[in-house]
Amino acid sequence: MRTSAGWPLRTQRLQEAPARVLTYAEATKSVSAESTHGKRTARSVLLLHGYTHSPAQVAGLAEVFFQHGFNVYAPTAPQHGPGGGHKGFTAAQLVRHAGAALDVAAALGDEVGVVGVSAGAALATWLGAHRGDVVSRLLLITPLFAPRPRPALRPLTVLYGLRLPPDRVNDRGYSFTAVAQYLRVAANLPAAPVTGALRHVAVVTSPGDTVVDAGPAVAVPERLAAQAGATFTHHALPAGAGHAHNVIGAHAAALDPLYFDLYDG
């Protein structure tokens with residue numbers, strides 16, 4: 001396997017993003033009929049849920065996009081959803097999943113953007129960096145680039161990312177090995193991103209978030225936006241409103257219109 005600077009975190013396999021051009025008919029084989037308008041639309045969006053979650057996490061926001069005329073694709077991440085167990089997947093499987101999902105979403109509309117939640121936002125950022133000639137907009141909701149409290153990030157990502165020690169599960173039910181796969185993806189953003197389509201990047205953080213480190217959550221996408229010549233928005237949810245890490249779903253449906261506006265710039 002070819003390697004790159006920064007090995008063993010950075011490897012060529014996690015920096016390759018081959019695209020497959022699909023027809024609308026081919027793409028709709030992967031998408032529920034309720035998520036499309038029966039034809040290719042001007043705009044489409046890919047929604048990537050967070051770790052331990054499923055597309056149900058983003059269903060409300062998906063409906064908001066659909067009502068605004070978007071064709072919508074919200075796939076299930078590897079080993080997620082009912083009976084998935086939320087572990088056993090690799091970083092390579094995650095990037096293949098994200099790339100294939102973008103191929104589908106790109107065939108559904110003339111302009112495609114990506115929304116990612118938490119660990120799914122790491123995948124969304126990876127797509128925006130490696131396939132910035134396709135992705136026009138990014139909305140990253142409480143994105144995971146480093147955990148909070150922040151441990152020795154590199155040893156954690158290397159050891160558990162490569163499955164060297166036995167897995168551990170914390171009090172939130174998070175597998176160290178599984179989370180490390182997403183962190184490996186985040187470690188493989190290119191020094192110089194692919195550009196051409198990316199026009200806007202928005203980030204949402206929560207002051208009550210005890211899961212992700214807010215510093216990289218803002219700095220990483222802000223740097224990508226600057227490199228791509230895209231506009232950048234950071235929206236911090238108000239303190240004292242009870243917002244924690246998971247700020248999307250049925251319990252936070254009132255925020256969905258805000259998220260759409262942030263996506264739209």
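A crossing of two helices is called left-handed if the near helix is turned anticlockwise from the far one by less than a right angle, and right-handed if clockwise. Keep that in mind, everyone, for the pair I want to show you.

First, the ground rules. This is a predicted model, where local features need pLDDT of at least 70, side-chain atom pairs count only at pLDDT 80 or more, and totals for chains, interfaces and linings use all residues. Residues are numbered from 1 along each chain as its sequence is written, and side-chain values use heavy atoms, with hydrogens and water left out.

Now our pair: helix α5, residues 153-161, and helix α6, residues 176-186, pack at about 110°, with axes 8 Å apart. Here helices are DSSP runs of H or I, at least four residues, numbered from the N terminus; axes are lines fitted to C-alpha atoms over the stretch in contact, and angles run from 0 to 180 degrees between N-to-C directions. That makes α5 roughly perpendicular to α6, a label for 65 to 115 degrees. And the crossing of α5 past α6 is left-handed. Touching, meaning heavy atoms within 4.5 Å, are Leu153, Leu156, Thr157, Tyr160 and Gly161 of α5 with Phe176, Thr177, Ala180, Gln181, Leu183 and Arg184 of α6.

So which element gives the largest share of the lining of the largest pocket? That is α6, with five residues. A pocket, on a 1 Å grid over the protein atoms alone, is an open set of points where a 1.4 Å probe fits, with protein on both sides within 12 Å along at least five of seven lines; lining residues have an atom within 4 Å of a point. Thanks, all!

Methods:
Helix = DSSP H or I, 4+ residues; strand = E, 2+ residues; numbered from the N terminus. Parallel < 35°, antiparallel > 145°, perpendicular 65-115°, else oblique.
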